[in-house]
Amino acid sequence: MPKPQSPSNATKQRTAAIARRLKAFNGKPYLHNPASVIETLVATILSQNTSDRNSARAYQQLRATWHSWDELADAGQAELAAAIRIGGLAQQKSRTILAALQALRQRHGTLDTTTLDSTLDQLATDAILAELTSIPGVGLKTASCVLMFALGRDLCAVDTHVHRVVNRLGIVQSSTPDKTFHTLRPLLPRNAAVQFHVDLIRFGRWVCKAQRPHCFHCPLYDLCQWDEREQYAAAGQPGSAPVSGDILLSDILRPNSNN
Ligand code: SF4
């Protein structure tokens, strides 16, 4: 007779099943195409609380204005805020970007992207997370995006979509995205975390939406533990399909979309 599973093993297996099914549903494998730590950090800061399109335009405007990261680190905050205004929260984001560049240069002696990436890549994941989150304005989600997209670390950054979906599914029960990040981390199958992050964001935007989720055509319905799913399934419109065509941070960072 098989030994009874501990709750954490059962949750790990359910999480793995959800990750497999989401990957098949989205049908868009994540292709690692690393941008540098600085590019990813700046793009992630710019992506906060704005649309994908405006975030991408702010990033492109910034790259067109400053030709090196050292030049940008020495720029005035007002000048930077003016360049990225289209992305919203320009004062706050310009402060964070300048603080991040100056902190990295002070700590590692360079903003050369190849040297800096190779220096940081020698460090353990938690050490880099601690360093980046010590920069004023850089939170755990931003830091983990940098580790995932620039350094290829096996993490699942948690934004509002990821937080909402994994809580509804019952994989975690936590009150904040940061708590969700720490609870989710040991549950994920090895080398599947980045794909899971990308899949959850798409799924959270188009199916398991904050308002009126599409439980009526959800591919995870039988794996979901949310109390309200039956009510939303009954209220649905069978046959309608999720819309796609969004841009994710990982798309913005692709080299041919940065120029
Ligand atoms: S059944 Fe509904 S709440 Fe559950 S994962 Fe699917 S869309 Fe989200």
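**Ground rules**

I number residues from 1 along each chain, as its sequence is written. The model is predicted, so I take local features at pLDDT of at least 70 and side-chain atom pairs at pLDDT 80 or more, while totals for chains, interfaces and linings use all residues.

**Loop residues with positive phi**

I checked the backbone of Arg212. Its phi is near 45 degrees, a positive value in a residue other than glycine. Most residues other than glycine have a negative phi. Arg212 is exposed, because 9 other C-beta atoms lie within 10 Å. For burial I count C-beta atoms, placed from the backbone, within 10 Å of a residue's own: 20 or more others is buried, 12 or fewer is exposed, and in between is partly exposed.

I then turned to Asn191. Asn191 is not a glycine, yet has a positive phi of about 60 degrees. Asn191 sits in the loop between helix H11 (177-184) and helix H12 (193-206). With 9 other C-beta atoms within 10 Å, Asn191 is exposed.

**Whole chain**

I counted 14 helices and zero strands in the protein chain. The chain has 259 residues, and 36% of them count as buried. I also looked at contacts, meaning pairs whose C-beta atoms, placed from the backbone, lie within 7 Å. Among contacts between residues at least 6 apart in sequence, 64% join residues at least 24 apart.

**Confidence**

I read off pLDDT, the predictor's confidence in each residue from 0 to 100. The protein chain averages 89, and 88% of the residues score at least 70. Over residues 239-246 the pLDDT is below 50, and this stretch has nine contacts in the model beyond near neighbours in sequence. Residues 254-259 also have a pLDDT below 50, with four contacts beyond near neighbours in sequence. Where pLDDT is low, the predicted coordinates should not be read in detail.

**Ligand shell**

Which residues come nearest to the ligand? I found Cys208, Pro213, Cys215, Cys218 and Cys224, out of 14 residues around the ligand. A residue is near if its C-beta atom, placed from the backbone, lies within 6 Å of the molecule. By class, I get eleven nonpolar, one polar and two charged residues in the shell. Nonpolar covers Ala, Val, Leu, Ile, Met, Phe, Trp, Tyr, Cys and Pro; charged covers Asp, Glu, Lys and Arg; the others, Gly among them, are polar. Helix H10 (160-169) and helix H13 (229-234) each supply at least two shell residues.

I took the largest nonpolar core next. It has 63 residues, of which Val42, Leu101, Val146, Cys156 and Leu184 touch the most other members. Such a core is a set of buried Ala, Val, Leu, Ile, Met, Phe, Trp, Tyr and Cys residues joined through C-beta atoms within 7 Å. This core draws at least three residues from each of domain 1 (7-30 + 156-249) and domain 2 (37-151). Those bounds come from an automatic or database domain assignment.

I listed the partners of Val146, leaving out residues up to four places away in sequence. Val146 touches Val37, Thr40, Leu41, Thr44 and Leu132. Helix H2 (residues 37-46) has ten of its ten residues buried, so it is largely enclosed by the rest of the structure. Glu39 is one of the buried residues in H2.

**Two buried loop residues**

I placed Leu155 in the loop between helix H9 (140-149) and H10. Leu155 is buried, with 24 other C-beta atoms within 10 Å. Among its contacts outside four places in sequence are Thr125 and Ala193. Leu155 and Arg185 are 30 residues apart in sequence, and 6.9 Å apart from C-alpha to C-alpha.

Ile84 lies in the loop between helix H5 (77-83) and helix H6 (90-108). I count Ile84 as buried, because it has 26 C-beta neighbours inside 10 Å. Beyond four places in sequence, its contacts include Leu46, Ala58 and Lys93.

Is Asn9 buried or exposed? Asn9 is exposed, with 12 other C-beta atoms within 10 Å. Asn9 lies in helix H1 (residues 7-26). I found Glu71 in helix H4 (residues 69-73). Glu71 is exposed as well, with 11 other C-beta atoms within 10 Å.

Key:
Helices (H or I, at least four residues) and strands (E, at least two) are DSSP runs, numbered from the N terminus.
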